[in-house]
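Please look over the structure below.

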Amino acid sequence: MAKFDDIAVGAELPTLTVPVTVALVNGGAMATRDYFPGHHDLQAARELGSAHIFMNILTTNGLVQRFIDDWSGPQARMRDLKIKLGAPNYPGDTMTLTGAVTEKRDEDRTVQVTLKGVNSMGNHVTGTVRVSLP
């Protein structure tokens with residue numbers, strides 16, 4: 001669990017490695033009520049020009065939240081999350097999330113984490129998260 005007084009700018013978060021599976025892509029889309037065929041129908045995805053079904057942004061968002069929560073702990077509060085998608089996450093690949101503290105504000109006891117999630121094609125997700133720490 002991260003504590004505000006113990007964190008310094010530049011501190012790196014533990015890496016999170018996420019195997020991208022059909023079940024993860026399908027399950028994430030269904031759990032977020034995203035019934036777009038490209039997230040669960042291989043033929044439809046290929047007709048769209050995609051090599052395979054692909055992860056939706058809400059699943060990516062959830063994985064980013066997990067990455068931050070695993071580091072910050074249950075007493076922390078996420079204040080802001082800004083992400084941008086890049087290369088798609090396809091089943092059979094792996095996404096590796098990394099990040100570091102890039103700002104620390106004493107006035108509200110928050111830190112900003114800059115992060116990225118990389119797969120074999122490059123950056124799947126990049127962004128920043130602001131977290132209140134105990």
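What follows goes through selected elements in turn.

## Basis

This is a predicted model, in which local features need pLDDT of at least 70, side-chain atom pairs count only at pLDDT 80 or more, and totals for chains, interfaces and linings use all residues. Residues are numbered from 1 along each chain as its sequence is written, and side-chain values use heavy atoms, with hydrogens and water left out.

Strand S1 spans residues 16-19. Helices (H or I, at least four residues) and strands (E, at least two) are DSSP runs, numbered from the N terminus. Leu-16 and Val-18 make up the covered face of S1. Thr-17 and Pro-19 make up the uncovered one. In a regular strand, side chains alternate between the two faces of the sheet.

S1 runs antiparallel to strand S3 (residues 94-105), with 4 bridges between them. Strands pair if DSSP finds at least two bridges between them. Val-18 has Met-95 as its bridge partner in S3.

## Helix H3

Helix H3 covers residues 57-72, 16 residues in total. From first C-alpha to last it reaches 22 Å, close to the 22 Å expected at 1.5 Å a residue. The expected span is 1.5 Å times one less than the number of residues. Gly-73 follows H3 and has a positive phi, near 90 degrees.

The buried residues of H3 are Thr-59, Thr-60, Leu-63, Val-64, Phe-67, Ile-68, Trp-71 and Ser-72. Buried means under 20% relative accessible area, exposed over 50%, partly exposed in between (1.4 Å probe, protein chains only). An α-helix has 3.6 residues a turn, so residues three or four places apart point the same way. The buried residues of H3 pack against S1, helix H1 (22-31), strand S2 (77-85), S3, strand S4 (110-119) and strand S5 (122-132).

Ile-57 also belongs to H3. Ile-57 counts as partly exposed because its relative accessibility is 42%.

## Val-118

Val-118 sits in strand S4. Its relative accessibility is 28%, so Val-118 counts as partly exposed. Val-118 touches Thr-94, Met-95, Thr-96, Asn-123 and His-124, leaving aside residues up to four places away in sequence. Contact means heavy atoms within 4.5 Å. Thr-94 is 24 residues away along the chain, with 8.1 Å between the two C-alpha atoms.

## Two arginines with positive phi

Arg-33 has a positive phi near 55 degrees, though not a glycine. Arg-33 lies in the loop between H1 and helix H2 (42-47). Arg-33 is exposed because its relative accessible area is 69%.

Arg-109 is not a glycine either, and its phi is positive, about 55 degrees. The loop between S3 and S4 holds Arg-109. Arg-109 has a relative accessible area of 32%, so it is partly exposed.
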